[in-house]
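Here is a short report on one part of a protein model. Keep the structure in view as you read.

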Amino acid sequence: MNFPKIELITNAGCHLCEDARTVVDEVTRELGVPWEEVSLQSSPELVALHSEEVPVLRIDGVVRDFWVIDPARLRRLLTERS
């Protein structure tokens, strides 16, 4: 099966990141889609691009949401791909 690449870019100590992690985990688990968490600090490029927006949700490399991840929107984005 060809799953989208779902990345949640987070920063340590970020309360919005904790909330986003919960939403992404719940929705992807429900749909059976894998995802990965990426530390903002893992790359100077990520810091330059997203330091003011974390958490950031990327699907196949495209930013789809930031700050607050909407579970209904994420579910729709993932089910519309099918």
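## Strands and the sheet

A strand here is a DSSP run of E with at least two residues, and strands are numbered from the N terminus. The model is predicted. Strand β4 covers residues 62-66. V63 sits in this strand.

Now place β4 among its neighbours. Four strands make an open sheet in the order β2-β1-β3-β4. The pairing is mixed. β2 (36-39) and β4 stand at the edges, and each has a single partner strand, so one side of each lacks a neighbour in the sheet. On average, neighbouring strands of this sheet are turned by 30 degrees against each other, direction ignored.

## How β3 meets β4

Strand β3 spans residues 56-59. Four bridges join β3 to β4, and the two run antiparallel. I59 has V62 in β4 as its bridge partner.

## A nonpolar patch

Which residues form the nonpolar patch on the surface? They are V63, F66, W67 and V68. Together they have about 370 Å² of accessible area.

Take three of these residues in turn. V63 has 37% relative accessibility, so V63 counts as partly exposed. F66, at 32%, is partly exposed too. W67 has 43% and is also partly exposed.

## The aromatic pair

The count of aromatic pairs comes to one. The rings of F66 and W67 have their centres 4.7 Å apart, and their planes are at 70 degrees, so the pair is edge-to-face. Both residues belong to the nonpolar patch.

Terms used:
Residues numbered from 1 in each chain as written. Predicted model: local features only at pLDDT ≥ 70, side-chain atom pairs only at ≥ 80, totals over all residues. Heavy atoms only, no water. Patch = residues over 30% accessible without salt bridge, like charges linked within 9 Å, V, L, I, M, F, W, Y side chains within 5 Å. Areas by Shrake-Rupley, 256 points an atom, 1.4 Å probe, with all protein chains shown as cover. Salt bridge = Lys/Arg side-chain N within 4 Å of Asp/Glu carboxyl O. Buried < 20%, exposed > 50% of the residue type's maximum accessible area, 1.4 Å probe, protein only. Phe/Tyr/Trp six-rings, centres within 6.5 Å; stacked < 30°, edge-to-face > 60°. Pairing = 2+ DSSP bridges. Axes fitted to C-alpha atoms, helices over the stretch in contact; angles between N-to-C directions.
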